[in-house]
Amino acid sequence: MLIKTPLASAARECEITPEAIYLSRRRFMSAAGGALALGAFPAHAEAERYADVEPGALPGWFAEKLPNVHWQAVTAGEEALTPYADATHYNNFYEFGTNKGDPARYADKLEVEPWTVVIDGEVAKPGPVSLEQVVQPHRLEERIYRLRCVEAWSMVIPWLGFPLAELLKRAEPTGNARYVRFETKLAPEQMAGVRSGFSLIDWPYVEGLRMDEAMHPLTIMAVGLYGRTLPNQNGAPLRLVVPWKYGFKSIKSIVRISMVAEQPTTTWESLAPDEYGFYANVNPQVDHPRWSQATERRLPNSLFSPNVIDTRLFNGYGEVASLYSGLDLRKHY
């Protein structure tokens with residue numbers, strides 16, 4: 001995975017709060033009686049929690065879901081949420097560039113309406129479905145998960161979504177479905193990184209899970225964060241979130257979900273199999289060939305406040321350990 005190392009004294013883009021976000025709390029409070037605020041944020045305590053998130057128009061399907069959201073269905077204990085500005089301005093989304101600020105800078109060109117997802121493979125009910133059809137049967141839940149990047153930085157993000165298992169069951173997988181393959185949208189005219197002649201990636205971006213991993217209750221399809229829809233740079237309008245795996249497994253802007261019999265070849269595994277394995281479970285005892293995985297930088301951080309913490313096996317989600325009983329986690333990394 002490509003990493004650009006800035007000077008230690010340089011301020012990162014994620015440490016500079018955009019003026020719009022700095023002012024958004026005051027605008028939100030002054031507009032609390034208006035339709036914009038009521039439509040853009042959950043009511044009561046949830047509105048106060050996300051008052052620093054800039055209000056914006058919501059698509060109808062999302063606005064309809066907000067009143068029935070199960071807030072804090074999963075929490076991260078006493079761990080503080082990563083500020084919205086960091087979570088949305090420090091991203092890996094190579095379709096828009098390799099610098100952490102490139103996705104926020106260029107992903108506004110991604111067209112997310114209308115959006116169609118193809119569900120196919122070893123299923124009884126294949127076919128294209130609209131985003132609205134994907135989400136409609138499900139009650140959204142807020143899942144506050146730790147996100148651990150393979151590059152040894154981390155965040156705590158309040159996602160809005162629903163269990164992937166519920167979506168897969170609707171497609172009625174056959175007995176031959178042993179893996180799930182995911183594919184990101186490919187739109188070179190909207191994605192500067194795809195057009196770049198320096199990219200080594202064979203687009204589109206592909207990820208995969210074993211079927212039991214995909215069906216685990218912690219695995220979700222996310223359509224929002226911080227009480228609003230996903231920003232483009234965070235994988236709008238539909239992304240995977242698998243909290244016990246390194247972040248590159250949580251594929252963004254999904255357009256195809258295929259249930260398959262054979263283990264799919266995934267993007268980073270095909271590029272550097274000695275560095276990025278298929279399983280990619282967070283494991284402080286298995287280092288990346290070029291850096292340690294024993295600790296992580298929890299964002300936000302700075303030169304004088306590095307905020308380095310110990311990394312936990314499975315990112316702290318020990319309930320998934322039974323999925324790997326008898327599996328050598330050093331070999332199957």
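This is a predicted model: local features need pLDDT of at least 70, side-chain atom pairs count only at pLDDT 80 or more; totals for chains, interfaces and linings use all residues.
The protein chain has 333 residues. Its secondary structure consists of 11 helices and 13 strands. Of the residues in the chain, 53% count as buried. Contacts between residues at least 6 apart in sequence were also examined. Among these contacts, 73% join residues at least 24 apart.

The relative accessible area of F96 is 1%. The cut-off for a buried residue is under 20%, so F96 counts as buried. Contacts of F96 beyond its neighbours within four places in sequence were listed. They are D102, P103, Y106, A107, L110, Q190, M191 and G193. F96 can also be placed relative to R195. The two residues are 99 apart in sequence. In space, their C-alpha atoms are 9.2 Å apart.

A charged residue, R210, was examined next. R210 is found in strand β7, which spans residues 206-210. With a relative accessible area of 15%, R210 falls under the 20% cut-off and is therefore buried. Its side chain makes two of the polar contacts described here. One joins the side chain of R210 to the side chain of D212, at 2.9 Å. Another joins the side chain of R210 to the side chain of Y279, at 3.2 Å. Residues up to four places away in sequence were then set aside. On that basis, R210 touches R178, Y179, F278, Y279, L323, Y324 and L327.

Several of these names return in the aromatic analysis. The structure holds 13 aromatic pairs. One of them is formed by Y90 and W153. The ring centres of Y90 and W153 are 5.0 Å apart, and the angle between the planes is 80°. This pair is edge-to-face. It links distant parts of the chain. Y90 sits in the loop between α5 and α6, whereas W153 belongs to strand β5, residues 153-163.

The largest cavity holds about 350 Å³ of space. Its lining comprises 26 residues. Nearest its centre lie N92, F93, G247, F248 and K252. Strands β4 (141-148) and β5 are the elements that give two or more residues to this lining. The largest share, 4 residues, comes from β5. By class, the lining of the largest cavity has 16 nonpolar, 6 polar and 4 charged residues.

The second largest cavity has a volume of about 40 Å³. It is lined by Y145, R146, L147, R148, W159, V241, V242, P243, K245 and S250. Here β4 gives the most to the lining, with 4 residues. This lining divides into 6 nonpolar, 1 polar and 3 charged residues.

The survey also included pockets. The second largest pocket has a volume of about 540 Å³. A total of 29 residues line this pocket. R228, T229, L230, P231 and N232 lie nearest its centre. Five elements each supply at least two lining residues: α1 (19-30), α5 (84-89), α6 (102-106), α7 (131-135) and β9 (228-229). The largest share, 3 residues, comes from α5. The lining of the second largest pocket consists of 18 nonpolar, 5 polar and 6 charged residues.

Conventions. Residues are numbered from 1 along each chain as its sequence is written. Side-chain values use heavy atoms; hydrogens and water are left out. On a 1 Å grid over the protein atoms alone, a cavity is a set of points where a 1.4 Å probe fits but cannot get out, and a pocket is an open set with protein on both sides within 12 Å along at least five of seven lines; lining residues have an atom within 4 Å of a point. Grid points are joined across faces, edges and corners, and a volume is the space filled by probe spheres set on the points. Buried means under 20% relative accessible area, exposed over 50%, partly exposed in between (1.4 Å probe, protein chains only). A polar contact is a pair of N or O atoms within 3.5 Å; within protein, one must be able to donate a hydrogen and the other to accept it, and residues adjacent in sequence count only if both atoms are side-chain atoms. Contact means heavy atoms within 4.5 Å. Rings of Phe, Tyr and Trp (its six-membered ring) pair if their centres lie within 6.5 Å; planes under 30 degrees apart count as stacked, over 60 as edge-to-face and the rest as tilted.
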